[in-house]
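Colleague: Could you walk me through a model and show me how to read its features? I would like the general idea each time, then the case at hand.

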Amino acid sequence: MADDALFEFLHMEIVAHVYKEQATREDIDKERVTCVSTLELMGFRVGQGLIERFTKDCPTFKEDLDIMKFLCKDLWSTIFRKQIDNLRTNHQGTYVLQDNKFALLTQFSTGKQYLEEAPKYLAFSCGLIRGALSNLGLESVVTAEVSLMPSCKFQVVIQKL
Amino acid sequence: MLISFHYTVHTSLDVVEEKISGVGKALADQRELYLGLLYPTEDYKVYGYMTNSKVKFVIVVDSSNTSLRDNEIRSMFRKLHNSFTDVMCNPFYNPGDPIQSKAFDSIVSTMMVQAF
């Protein structure tokens with residue numbers, strides 16, 4: 001029962017720690033960007049490892065849409081104990097994943113309070129998605145936006161080479 | 001001696017690619033990770049397996065050893081996949097590097113000794 005909270009608390013501490021480290025340095029302008037990239041890179045490596053474990057028993061994926069569906073249903077349920085509520089695509093490599101009650105944001109607020117702080121807590125998850133896709137063979141760019149807590153949207157753009 | 005093994009494995013990668021691209025056109029439910037016997041040469045038989053993360057495992061077996069059945073090869077690949085997953089989850093391992101984990105090496109050596 002308490003295991004769910006473990007990751008949420010750890011994640012909060014990770015974000016706080018990364019920002020505290022940066023604050024001791026003098027370069028305030030670059031502070032925000034480096035913190036977000038550090039968190040994103042962490043999520044990237046975690047995503048790669050997780051995918052290796054979770055796709056061990058699945059048959060090979062046939063196309064990108066299958067991969068995105070796996071991400072939305074199986075991966076999201078294993079990590080955040082719920083599925084993505086809405087997946088939209090333009091069938092040209094862009095996908096929007098909407099989660100109406102994102103597990104890492106539920107404790108913040110149910111409206112607009114603390115909206116500016118939200119992106120910090122989404123960087124790790126963006127990296128997670130990017131790492132997962134990269135290990136499945138899809139290079140992508142993942143961004144997140146929040147307009148009303150705790151719902152958020154992840155936008156994934158697959159880079160076609 | 002080692003070079004000829006490397007050569008065999010390299011050429012088998014082409015066969016793996018062929019199998020993967022052929023799967024989409026063939027039966028829709030033929031999506032297993034195990035690829036089966038890739039091709040037999042005069043001395044060796046080569047078996048292939050591809051994970052969802054596009055990592056390919058290749059096992060080269062002496063042709064004179066006819067006692068190895070399909071099921072045993074499948075279980076060898078299963079064990080390989082499990083130990084590879086463990087290596088991936090090791091924080092000291094960066095994906096793409098040669099594997100230096102002693103645990104992985106020992107599992108592979110035990111498997112090879114058991115099979116022969």
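Modeller: Happy to. Let's start with one residue: A:Gln22 counts as buried, because its relative accessibility is 12% (buried means under 20% relative accessible area, exposed over 50%, partly exposed in between, with a 1.4 Å probe and protein chains only). A:Gln22 sits in helix H1 (residues 3–23) of chain A; helices (H or I, at least four residues) and strands (E, at least two) are DSSP runs, numbered from the N terminus.

Colleague: What should I keep in mind about the model itself?

Modeller: This is a predicted model, so local features need pLDDT of at least 70 and side-chain atom pairs count only at pLDDT 80 or more, while totals for chains, interfaces and linings use all residues. Residues are numbered from 1 along each chain as its sequence is written, chains are lettered from A and ligands numbered from 1 in the order in which they are written, and side-chain values use heavy atoms, with hydrogens and water left out.

Colleague: How many salt bridges does the structure hold over all chains?

Modeller: Side chains of opposite charge can pair when their charged atoms come close. The rule asks for a side-chain nitrogen of Lys or Arg within 4 Å of a carboxyl oxygen of Asp or Glu, and the structure holds six such salt bridges over all chains. One of them pairs A:Glu8 with A:Arg81, the closest N and O atoms being 3.3 Å apart. A:Glu8 belongs to helix H1 of chain A and A:Arg81 to the loop between helix H3 (64–80) and strand S1 (86–89), so the pair ties together parts that are 73 residues apart in sequence. A:Glu8 is buried at 15% relative accessibility, whereas A:Arg81 is partly exposed at 42%.

Colleague: And which parts does the pair of A:Glu40 and A:Arg130 tie together?

Modeller: Those side chains meet in a salt bridge at 3.0 Å, N to O. A:Glu40 lies in helix H2 (residues 28–54) of chain A and A:Arg130 in helix H4 of chain A, so parts 90 residues apart in sequence are tied together. A:Glu40 is buried, at 15% relative accessibility.

Colleague: What is the area buried between chain B and chain A?

Modeller: The size of an interface is often given as the accessible area lost when the parts come together. Here the area is about 1700 Å², of which carbon and sulfur atoms give 46%; buried area is what two parts lose on being put together, summed over both, with a 1.4 Å probe. The contact (heavy atoms within 4.5 Å) takes 19 residues from chain B and 16 residues from chain A.

Colleague: Which residues form a salt bridge between the two chains?

Modeller: The count between chain B and chain A is one: A:Arg53 with B:Asp86, at 3.0 Å. B:Asp86 is in helix H2 (residues 70–88) of chain B and A:Arg53 in helix H2 of chain A, so this pair joins two chains. B:Asp86 is partly exposed at 44% relative accessible area, and A:Arg53 is partly exposed at 36%.
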